[in-house]
Amino acid sequence: MTTTTIAVIGAGIGGLAAAAALHRRGIDVHVYERGDTLREQGVGMHLGPNATRLLTRMGLAGQLARQAVRPEALEVRAFHDGSTVARQEMGAAWEERFGAPYLTVHRGDLHRMLASLLPAERVHTGRELTGYEEGAKGVTLRFAGGTVTRASALIGADGVHSLVRRRLTGPERPVYSGNCALRGLVDAAALPDLDPARMYMFAGPAGRVLLYPVSGGRQFTYVAVAPAPEGPDESWTSAAGPADLDAALAGWAPQVRALAGAARDVRRWALYDRSPLERWSTARTTLLGDAAHPMLPHHGQGANQAIEDGVALAICLDEEASGAAGIAAALRRYEATRRPHTTRVQLGSRDGQPTTTQKRKPSMTNNLGNNGSNNNRNVNNRNVNNQAADVAWILANDVEANLNDNNINNNLRNNAA
């Protein structure tokens with residue numbers, strides 16, 4: 001496959017993860033990023049064991065240990081007085097259970113880690129894709145300013161507004177969740193009542209606030225989610241301000257109201273996704289990450305699934321023969337492996353419940369009582385433990401091992417025949 005050139009459009013988390021996985025396997029890969037510099041916007045993110053096991057195999061264990069945090073526990077607290085109503089142990093217990101740690105990390109830190117796995121000459125900035133043509137001998141890519149290049153295959157990792165997706169599927173209408181989030185970063189020192197070794201969820205009657213440590217515990221990322229009417233723009237970085245956060249948290253506990261005084265750069269994030277696709281590949285083009293399956297953040301899996309995509313794609317391309325037939329077979333295998341899994345995660349993320357649930361169970365937020373009775377605490381501890389069990393199948397997934405197991409099973413069947 002060393003003669004095959006793979007073009008990845010977009011140098012976000014998914015694009016760089018895919019490129020790093022391809023480069024690691026000796027595949028000629030180039031990343032094209034529309035921005036003039038290589039940087040990642042955003043705040044913090046969750047890395048489940050399903051992603052950290054893959055990042056560790058890429059050689060990032062040391063950097064993750066320095067920059068990320070392994071939360072000891074998730075504490076669920078009542079919005080009005082800050083009392084703890086449920087607790088989920090994480091830390092070493094989850095690492096032993098899933099075989100890899102659950103981490104929280106600043107998006108920019110992870111972005112730099114992934115970029116460090118690629119030679120600088122493999123990443124091309126200031127390249128905005130304007131169109132492409134797929135032919136029998138490859139894909140011709142056209143960029144703003146008139147630059148043209150060719151590749152054996154095209155990977156659309158260009159995010160929720162993906163041009164590659166629009167070319168593959170046609171126009172679509174975003175699906176609004178009915179919720180909007182205010183989010184940002186605060187110094188952990190500005191929230192002295194909260195331990196930067198833990199994650200917190202303050203659950204209110206019509207919304208919730210999630211806080212989790214990043215930057216080695218020096219900062220908290222906060223995400224305040226509440227119902228809101230649909231606005232004119234689909235954006236996850238539109239401007240807001242501390243006054244908006246203060247208004248959203250009126251009447252909440254002092255520990256979480258302190259956010260309004262500590263927050264500086266507040267961003268508004270309208271929570272949209274897209275309907276799952278029935279197809280996302282052709283013979284030489286495929287999608288990855290948010291371009292393939294944009295999802296709501298309730299399972300914290302958007303970037304994790306993109307990392308899984310990148311590793312799976314690299315394995316599939318590496319294990320097929322070069323040439324048009326091999327590329328087409330690799331992309332078919334990649335989609336057949338990933339699309340059913342990401343569809344299940346994507347749909348489950350819409351309400352935080354598993355897609356196998358036939359009747360919608362009462363949400364953790366609605367079950368959090370406004371008193372600290374032992375009965376309520378027992379119920380709420382069961383709720384948070386049940387929610388952890390609901391996502392265990394996601395966190396336990398090892399996409400690399402699954403593909404290897406499939407190879408072994410296929411070989412056994414072929415030998416038996």
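## Surroundings of Leu47

In this predicted model, Leu47 has contacts with Thr52, Leu55 and Leu64, with the run of Pro101, Tyr102, Leu103 and Val105, and with Leu110, Asn304 and Ile307, leaving aside residues up to four places away in sequence.

## The nonpolar core

Leu47 also belongs to the largest nonpolar core, which has 67 residues. Together with Ile6, Leu55, Leu110, Leu114, Leu141 and Ile307, Leu47 is among the residues that touch the most other members. Helix H9 (residues 302-319) gives this core its largest share, 9 residues. In soluble globular proteins, nonpolar side chains tend to be buried together.

## Helix H5

Helix H5 spans residues 107-115 and is mostly covered, with 7 of its 9 residues buried. Leu110 and Leu114 are buried in H5, as are Arg107, Gly108, Asp109, His111 and Met113.

The buried residues of H5 pack against several helices, namely H1, H2 (49-57), H3 (61-67) and H9. They also pack against two strands, S3 (44-47) and S6 (103-106).

## The five-stranded sheet

The model also contains an open sheet of 5 strands, paired in parallel and ordered S7-S2-S1-S11-S18. Strand S7 (123-124) and strand S18 (285-287) form the edges, each pairing on one side only. Helix H1 (residues 13-24) packs on this sheet and touches both strand S1 (5-9) and S2. The direction of H1 makes about 165° with that of S2.

Strand S2 (residues 28-32) is joined to S7 in the parallel sense over 2 bridges. Val123 in S7 is the bridge partner of Val31.

How values were computed
Residues are numbered from 1 along each chain as its sequence is written. This is a predicted model: local features need pLDDT of at least 70, side-chain atom pairs count only at pLDDT 80 or more; totals for chains, interfaces and linings use all residues. Side-chain values use heavy atoms; hydrogens and water are left out. Two strands pair if DSSP finds at least two bridges between them. Helices (H or I, at least four residues) and strands (E, at least two) are DSSP runs, numbered from the N terminus. Contact means heavy atoms within 4.5 Å. Axes are lines fitted to C-alpha atoms, for helices over the stretch in contact, and angles run from 0 to 180 degrees between N-to-C directions. A nonpolar core is a set of buried Ala, Val, Leu, Ile, Met, Phe, Trp, Tyr and Cys residues joined through side-chain atoms within 4.5 Å. Buried means under 20% relative accessible area, exposed over 50%, partly exposed in between (1.4 Å probe, protein chains only).
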